[in-house]
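Subject: Structure handover, with notes

Dear colleague,

I am passing the structure below to you, and I would be grateful if you could look through it together with the notes that come after it.

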Amino acid sequence: MNEKIEQARILQGLGRPEHARELLAEVLADEHGNVEALTAMADVCYWLDDYAKALEYSESALSHAPQDAFAGQVRAHAAYQLSVGAPRRSAERRKWLGVARTAARRALDIDATDPANHVTHAVVWARKDPQAALASIERALELDPEYIDAFHVRAFIFRVALLDEDRAAEALHEVLRLDPDNADAVHNLGRVDSARGDLDDAEARLREAGRLDPGRAGRIRRDLDRVRTRRALQSPPSSEQARAHQETSPSFGDKALTERAHGSGPAPEHSQPLRVSPPVVVHNGAVLVELRRCDADRWRSAESADIERAVAELAELRQARPEDADLVYESALADWLCGRRRAAITRLRKISRLDPERAGQADAHIATLEAEDQRAAEALAAQREVRARREEHKAETEVERAAEAAIARRQARERAKARQAQAGGSNRADLDAAVRVERPGAAARNRWHWLVVVPLIFLVKMSLHGCATDNSHQGTDRQRSVYTPTTMDPDVLRRLIETPGPPPR
């Protein structure tokens, strides 16, 4: 390996990536196709949050060495970070996610024995398919049971994708077991405690993360502001403060309308929903008896308000003495009493580390809690199954009703068509009877014939008579040359009479 590349890796491990980048740039100025230098430069650019350059250098390395799994890892992580920075539900975001998933799959195909490739695959699929991502984490832990990055990604999947803070806390505690000063794990545990409503523990862990890694001061400051806001929302104001607030401030509705009109008001938090601790309900009387053995005065009453007060007192004591085994054990029992089984299991596991003599007792409690958790999960699954069956039965009933209604409508249409056809047939018969006429026979034709011929004969007779009158005025001795009705030839008269007239109109 080139000496400058080795020095760059050392500088990166010491937290000086800028100097490492300068050395790698010198190497690449002399050797443009040096795969080790390209891969190292891509890794350095990724840690400097220059994801576009990291993607460029990783692609260049893969063009020279397509079987370089580490370059594929860097490419997948860089593309995933570019997708996170892209607008939600945009084509750009989908493009970078596709690049990241393809690169992760390619790296896993190149070397399936490297747990880092399985972790990379889990990272890019954590939000889309959490169960597949968890399966990749399990395979990574099979290859290396103490691979810290696998526990980090498992905690991320439970906390962000599945919203299971208890499982996330378990994974983060595994990280702290392997690396007690891991600032990322302490910081994320503070966020988990804040989401669960354990604001005192959250504040203590966030401050501890800031002490371990001063470079994350900005993120820790924002998280501390959220913790203070939630504490202010959870703590009820005094009567005097409430009265003064009512006298000096507008009503909630007016304030909401004002903020909506002017576009002001606090910005919503998108990372975690605001969670307020519900009223404490005693779930196990035997646990309360055990708590009274720890401190009879603190757990004298079983009222909800008294138990909340005792839990708050324990949180203050635990903040002052976080490694006190008695306080941790009492806190575990308190979580158990309030129904927070996962938190109780986490504290009991800590008991085994702080006080090995109580390990047997803690293990027995853990077994009981896990059994209760299993029963609760089975009961919840049964309820969901019953609900699903009810919904399925309801859907089937609605389908049957819709089918019955469709059949009824079709039968009604058929009956209407039958009635219409029957009514149409009777009306047609009546109409035929009404408009039916008898065709004229021979006698009728003869009647029409005479109605035409007789007037015609009369007209001919009148015209001949007129002609005869005119001739008589011209001279009596002159011989008549025109037939009259008295002198007309009988054959001519018969032919005139037998000639048929025009047909009747």
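This is a predicted model: local features need pLDDT of at least 70, side-chain atom pairs count only at pLDDT 80 or more; totals for chains, interfaces and linings use all residues.

Residues are numbered from 1 along each chain as its sequence is written, and side-chain values use heavy atoms, with hydrogens and water left out.

The protein chain has 22 helices and zero strands, where helices (H or I, at least four residues) and strands (E, at least two) are DSSP runs numbered from the N terminus. Of its 505 residues, 32% count as buried, a word that stands for under 20% relative accessible area, with exposed meaning over 50% and partly exposed lying in between (1.4 Å probe, protein chains only). Taking the contacts (heavy atoms within 4.5 Å) between residues at least 6 apart in sequence, 55% join residues at least 24 apart.

Helix H5 (residues 69-85) and helix H6 (residues 91-110) have axes that come within 8 Å and cross at roughly 160°; the axes are lines fitted to C-alpha atoms, for helices over the stretch in contact, and angles run from 0 to 180 degrees between N-to-C directions. That angle makes H5 roughly antiparallel to H6, given that angles over 145 degrees count as roughly antiparallel, under 35 as roughly parallel, 65 to 115 as roughly perpendicular and the rest as oblique. Their crossing is left-handed, which is to say that the near helix is turned anticlockwise from the far one by less than a right angle, clockwise being right-handed. The residues of this contact divide into 14 nonpolar, three polar and two charged, where Ala, Val, Leu, Ile, Met, Phe, Trp, Tyr, Cys and Pro count as nonpolar, Asp, Glu, Lys and Arg as charged, and the others, Gly among them, as polar.

H6 also packs against H7, at an angle of about 160° and with the axes 9 Å apart, and the two are therefore roughly antiparallel to each other. H6 passes H7 in a left-handed crossing, and the contact includes Ala100 and Arg101 of H6 and Asn117 and His118 of H7. Helix H7 (residues 115-125) is mostly covered, with ten of its eleven residues buried, and what covers those buried residues includes H5, H6, helix H8 (130-143) and helix H9 (148-161).

Asp114 is found in the loop between H6 and H7, and because its relative accessibility is 25%, Asp114 counts as partly exposed. Asp114 caps the N-terminal end of H7, with a side-chain oxygen 3.1 Å from the backbone nitrogen of Ala116. A polar contact of 3.5 Å also joins the side chains of Asp114 and Gln73; such a contact is a pair of N or O atoms within 3.5 Å, and within protein one must be able to donate a hydrogen and the other to accept it, while residues adjacent in sequence count only if both atoms are side-chain atoms.

Finally, Ser58 lies in helix H4 (residues 51-64) and counts as buried because its relative accessibility is 0%. The backbone oxygen of Leu55 lies 2.8 Å from a polar atom of the Ser58 side chain. Not counting residues up to four places away in sequence, Ser58 touches Ala42, Ala71, Val74 and Arg75.

With best wishes
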